Amino acid sequence: MVWQTASGMILSRAELESLVQANNPNPHQLLGMHPLGDGAGVVVRAFLPNAAEAEALPVHDKNKPAIKLERLHKAGLFEGISKQVTQVYPYELAITDDHGSVRRVRDPYSFLPTLGETDLYLFGQGNERRIYDKLGSQLRVIDGVAGVSFGVWAPNARRVSVVGDFNGWDGRCHAMRMLGSSGVWELFLPGLGEGTLYKYEIKDGRGAIMLKTDPYGFFFEAAPKNASIVWNNRKFTWSDSAWLKGRREQNPLRSPISIYELHPGSWRKKSASESLNYRELAGPLVDYMRQMGFTHVQFLPISEHAFYPSWGYQVTGFYSPTSRYGTPDDFQYLVNVLHEAGIGVLMDWVPAHFPRDAWALARFDGTALYEHEDPRRGAHQDWGTLIFNYGRHEVRNFLAANALFWCERYHMDGLRVDAVASMLYLDYSRKEGEWLPNQFGGRENLEAVEFLRHFNHLIHTEYPGVLTMAEEWTAWPLVTRPP
């Protein structure tokens, strides 16, 4: 069966249902403006569940036609055709609701992908060092239109949508497109800006629907809430160039160092229930460091985490400073003040494992994506957490780029890698029969070893003077040295 409007446009039942049920892996093929197959005009389609009427209006060239859209389906699928033009043109949707209110928006399905073939190729290889500039939520201006592009890796999902207050958290409204066979889903949403709350609604291969936070999210709601927040972490004005220059010129392996380890949530609290925020921490911490003669402060994991008693060692937001003590800008302020005072800043970094929270990385697209499927490789019995699959290129890219991210965006002077022993040994804290040997029959996790070498190489190559340290109790030689 086919569906036909008064203007004569035909959709197959399968195509119509794929839009209404939000099951189309490439909705851009049907939504937006497209030339008609016979070259006799253009067609515009939009899925607008809360609209009573809709019209496509030209943006730049007022000589182009306005196209009235007709309702194809009660769920909110609209379509309109014009025979006055044969080529697509920039337009906006004028959407009238049931109360007669009209809003105008640029159509998200009228924009080209924000990721190119090279981006996807390097990501698939595990070598896109700045993947955090491509995936996640990115503030962009495309064709003069400001908005936010979203990108997420979920290769086994049947459908991925961006949801938030801007669409009533309705996964039918802004379904993303899969870019080839990369497993990456993408969508540009005009009109959104910094501070927008969002999540990904993912339909897995069995049809189950999950709400997930952004693995590359730059900021998050304060726990127990967990929505990702669009944020520009490039806007802070740094004044620590002299410190960074001096860091590059010294040999950190031969320089004197004295480290003060600190948990920001429990250091000099205002009260039993209230911690200092990042900006309030800056002055007293500088005074104390100078008084005691420490050269560096080392923060316990500063990345976002849901379970406060973990002290940050169960990370749920690898690309975000925890919102417990302020915004990303506030944390940058703290680092900047410490650098201006001649104090280095280190952070505990946790690439060894991640928690099982259903809204975060665990079984992200309904499958063991970031972790191993087999618990003999993919689960820490002691901590109740999951182990990263270091042999998967995209996972290695996620972690290695994360190390670079903290050095670039937050000017970290060093990363202390947590739980390295658990990464190096397949039989870590396991009895016989509870672990799988490597291809040579040994207990070394060769994929983790290669990842650590890769990580060290990237850090020492791109950021001379930055320290890497291992929290390690074995005798593995030169574990923190450049390969």
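This is a predicted model: local features need pLDDT of at least 70, side-chain atom pairs count only at pLDDT 80 or more; totals for chains, interfaces and linings use all residues.
Local features are reported where pLDDT is at least 70, side-chain atom pairs count only at pLDDT 80 or more, and totals for chains, interfaces and linings use all residues. Residues are numbered from 1 along each chain as its sequence is written, and side-chain values use heavy atoms, with hydrogens and water left out.

Helices (H or I, at least four residues) and strands (E, at least two) are DSSP runs, numbered from the N terminus. Two strands are taken to pair if DSSP finds at least two bridges between them. An open sheet is formed by seven strands, in the order E3-E4-E7-E6-E5-E8-E9, with antiparallel pairing. Its edges are strand E3 (32-35) and strand E9 (102-106); each has a single partner strand, so one side of each is left without a neighbour in the sheet. From one strand to the next, the twist averages 25°. Strand E3 runs antiparallel to strand E4 (residues 42-47), to which four bridges join it. Within this pair of strands, Val44 in E4 stands opposite Met33.

A further open sheet has four strands in the order E10-E11-E14-E13, and the pairing is antiparallel. Strand E10 (136-142) and strand E13 (177-178) are the edge strands, each pairing on one side only. Strand E11 (residues 145-153) and strand E14 (residues 184-190) run antiparallel and are joined by seven bridges. Ser149 has Phe188 in E14 as its bridge partner.

Axes are lines fitted to C-alpha atoms, for helices over the stretch in contact, and angles run from 0 to 180 degrees between N-to-C directions. The axes of helix H2 (residues 117-125) and helix H7 (residues 393-409) cross at roughly 95° and come within 6 Å. H2 is therefore roughly perpendicular to H7, a class that spans 65 to 115 degrees; angles under 35 count as roughly parallel, over 145 as roughly antiparallel, and the rest as oblique. Contact means heavy atoms within 4.5 Å. Leu122, Phe123, Gly124 and Gln125 in H2 meet His393, Glu394, Arg396 and Asn397 in H7.

Helix H7 also holds Leu404. This residue, Leu404, counts as buried because its relative accessibility is 0%, where buried means under 20% relative accessible area, exposed over 50% and partly exposed in between (1.4 Å probe, protein chains only). Apart from neighbours within four places in sequence, Leu404 is in contact with Arg129, Arg130, Tyr132, Leu458, Ile459, Glu462 and Tyr463. Leu404 and Tyr132 lie 272 residues apart along the chain, and their C-alpha atoms are separated by 9.7 Å.
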